[in-house]
Amino acid sequence: MNPNGEAGHDHHVTDALDRHDEHSVGHSDHSGHQGHGGHGDHAAAGHQEHAAHQGHGGHQGHGDHVAQFRSLFWIMLILSIPVVGANTMFADLVGYTLPDNPAVEWISPLLGTVVFVWGGRPFLTGAVSEIRTRQPGMMLLISLAITVAFVSSWGSSLGVLSHELNFWWELALLVVIMLLGHWIEMRSLGQASSALDSLAALLPDEAERIDTDGTITTVPTAELVTGDIVMVRPGGRIPADGRIVEGAGDLDESMITGESRTVRRELGDTVVAGTVSTDSALRVEITAVGDDTALAGIQRLVAEAQNSSSRAQVLADKAAALLFWFALGAAVITLVVWSIFGTPDDAITRTITVLVIACPHALGLAIPLVVSIATERAARAGVLITDRRALEAMRTVDTVLFDKTGTLTKGEPAVIATSAVPGEDENTLVALAAAVERASEHPLGRAIVAAAEQRELRIPEVSEFQARNGVGVTATVDGAQVSVGGPGMLASHDASALPVSEEWAAQGSTVLHVLRDGQVIGALALADEIRPESRDAIAALHARGVQVVMLTGDAHAVARAVGDDLGIDDVIAGVLPQDKGAKVKELQASGRRVAMVGDGVNDAPALAQADVGIAIGAGTDVAIASAGVVLVGDDPRAVVSVIELSHATYRKMVQNLVWAAGYNVISVPLAAGVLASVGFVLPMEVGAILMSASTVVVAANAQLLRRLDLAPQRLTRPVREREHDYAR
């Protein structure tokens, strides 16, 4: 095992294949998706000359090594057929007679040597690497087994050792089975890393750049620089992060947020590389390229998460190291005991079987594969696990702290209530206010216009528009002077506020009155709009026995109104950003396991202090060092997705560890022959099959994580209905 928490044999074997095949990943020429940032960091590790241009370098290796193991397996399988068929020991066991021809006798030794040298080379090279790094593990155990079988078989073929030690057929089967196991493992790991490849594939190879003279030139995406203007046609993908300078349209941002619904983006809005303009042509000014894009940042976070260690991985590493010494000790004891109480042939046979069946292959795969699949599933749902320990700790969280603004709320004003004086219609009130505010750039004005559009009201035309700072706006609508403003506007017309305005103000709302020809005709209450998903998220957390606390710098009245509306257990208001970390620490001191959910900027101290820091709504700011989990979208229900993923991942880790370690502990004594006295002796080939079977079981168990549905929409359903969604 390596210190990064991944199975060490993976690196030894893939390194061996790199040296074995001059056309492996390190030397291949990738022509597609160049310059897409996210994978360049990985490619650069060993291939600096390509780092600046290759987008897929870092994970292309999975595909190459899967193909190499597949090819090597089939070649060795074909060579093994005559090795096994022409072996005298196998013929005696099965009960057929070989032709009395000296040439037939040498088929097994000659082809068996090819199988050992060629098919066994990845394992032998890996063993050498383990010896050099003084980290003995599975590669060394496999190499010992096949080397002992190879030497004893040649000794038997040359007449130096007993005929019963003719293990050519067992050697061939062992190499083939080991290659099959590694092929399956590499394919699984390759699938687990597919999130990165999928993200990289989202970028277009070319972009339509608009030159200074207005002409449109098709250029490779890698040639775009900050400040370029590009044309994005309907159905086309944004080639790099940018800002819309002309046009508006609905964008499919599911690759970033995990949300299937399109999002409206208009003039001045930022857009992210890889997202799709579904219905309109846009002109976008490029603001970030290469490694600076959000997509590249997401790729880095997913890759770092797949390479980070967790407590369970550290446990697996220690178990694998102990298992090596356990297997080595068992092999030595087996050799000594069978040499004393049995025959030398039996001693060698039993020792080889022990070495084969004790390989910690399944144990090495138990944790990395589970976490790789978990991070891949999370990434596809818009949840980025930047620290495996955060994912592991999330299952123990009993208190979730939410920041208010931009987390539970949308972070922008919206009309939440209207009141018209007797004789006036509320829709007319909103339409008049929207007519005046449509010419205003103020956020409150935009909120009023949005409210009118949401009600599908006809907004009349205006003239003689005037705006006065600190007072409000005035315009002529259908021959009447209409004004919208706060206390300053009322004072300028010597008018009184409506009684309901005091109640709205006490709840933290901003109150604007609407006047027609100097007379108040109604009022509007505006406040930071609560996300509709927030109620579902809090209800789902409560259903799981998790306490919900809101931590905000807003006034107590505002915070309490939101807290009561959402059913939050406790509200901590009036807290400065620098004091939020201390509040988290207070909860931890009382014995609570705390997850903090915030925007990742002014909540950084609290995110860092919490047992799990979760940054929400970070679609274009994914490099948040203080958070262990990043929700790329702004749906707070995804917090519950993280909890479910944490529980499911931990279950799979425990199941795989119990199976892998328990299997070896039980099987090694059987391989050593402890039941020989009752006539049961575990054949070497059966030991090899069982060892590889344990790896397949572990891999298949980990793959069940792919059935876990992390869609936030599913969380709105009753918990009872969801219990059967995932087969535990």
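Contact means heavy atoms within 4.5 Å. The structure shown in these views is a predicted model.

**View 1. Helices α6 and α7 in contact.** Phe116, Val117, Trp118 and Gly119 of α6 meet Arg121, Pro122, Phe123 and Leu124 of α7. Sorted by class, the residues in the contact of α6 with α7 are six nonpolar, one polar and one charged. Two packed helices are described by the angle between their axes and the distance between the axes. For helix α6 (residues 107-119) and helix α7 (residues 121-132), the axes come within 5 Å and cross at roughly 50°.

**View 2. The open sheet of six strands.** The strand order is β2-β1-β3-β9-β4-β7, and the pairing is antiparallel. β2 (216-220) and β7 (270-271) are at the edges with a single partner strand each, so one side of each has no neighbour in the sheet. Within this sheet, strand β3 (residues 229-232) and strand β9 (residues 282-288) run antiparallel and are joined by four bridges. Opposite Val230 stands Val284 of β9.

**View 3. The open sheet of seven strands.** The order here is β10-β22-β21-β20-β11-β18-β19, with mixed pairing. The edge positions belong to β10 (383-385) and β19; each has a single partner strand, so one side of each is left without a neighbour in the sheet. On average, and ignoring direction, neighbouring strands of this sheet are turned by 20° against each other.

**View 4. Strand β18 and its two partners.** Of the five residues of strand β18 (residues 547-551), four are buried, so the strand is largely enclosed by the rest of the structure. Strand β11 (residues 399-403) pairs with β18 in the parallel sense over five bridges. Thr399 stands opposite Gln547 of β18, and Val400 has Val548 of β18 as its bridge partner. The pairing of β18 with strand β19 (residues 570-572) is also in the parallel sense, over three bridges. There, the bridge partner of Met550 is Val571 in β19.

**View 5. Met596 in strand β20.** Strand β20 (residues 594-598) contains Met596. The relative accessibility of Met596 is 0%, so this residue counts as buried. Along the chain, Met596 and Val549 are 47 residues apart, and their C-alpha atoms are separated by 9.4 Å.

View 6. The largest nonpolar core has 55 residues, of which Met394, Val400, Val612, Ile614, Val629 and Leu631 touch the most other members. Helix α26 (residues 638-672) gives the most to this core, with ten residues. With neighbours within four places in sequence left aside, Met394 is in contact with Ala595, Val612, Ile614, Val639, Val642, Ile643 and Ser646.

**View 7. Asn701 in helix α27.** Asn701 is part of helix α27 (residues 684-703). Buried means under 20% relative accessible area. At 15% relative accessibility, Asn701 therefore counts as buried. Apart from neighbours within four places in sequence, the contacts of Asn701 are Lys652, Gln655 and Asn656.

**View 8. Asp478 in a loop between strands.** The loop between β14 (472-477) and β15 (480-485) holds Asp478. Asp478 is not a glycine, yet its phi is positive, near 50°. With a relative accessible area of 65%, Asp478 is exposed.

**View 9. Asp517 in a loop between strands.** Asp517 is placed in the loop between β16 (510-516) and β17 (519-530). Phi of Asp517 is positive, about 50°, although the residue is not a glycine. The relative accessible area of Asp517 is 51%, and exposed means over 50%, so Asp517 counts as exposed.

Conventions. Residues numbered from 1 in each chain as written. Predicted model: local features only at pLDDT ≥ 70, side-chain atom pairs only at ≥ 80, totals over all residues. Heavy atoms only, no water. Axes fitted to C-alpha atoms, helices over the stretch in contact; angles between N-to-C directions. Helix = DSSP H or I, 4+ residues; strand = E, 2+ residues; numbered from the N terminus. Nonpolar A, V, L, I, M, F, W, Y, C, P; charged D, E, K, R; others polar. Buried < 20%, exposed > 50% of the residue type's maximum accessible area, 1.4 Å probe, protein only. Pairing = 2+ DSSP bridges. Core = buried A, V, L, I, M, F, W, Y, C linked by side-chain atoms within 4.5 Å.
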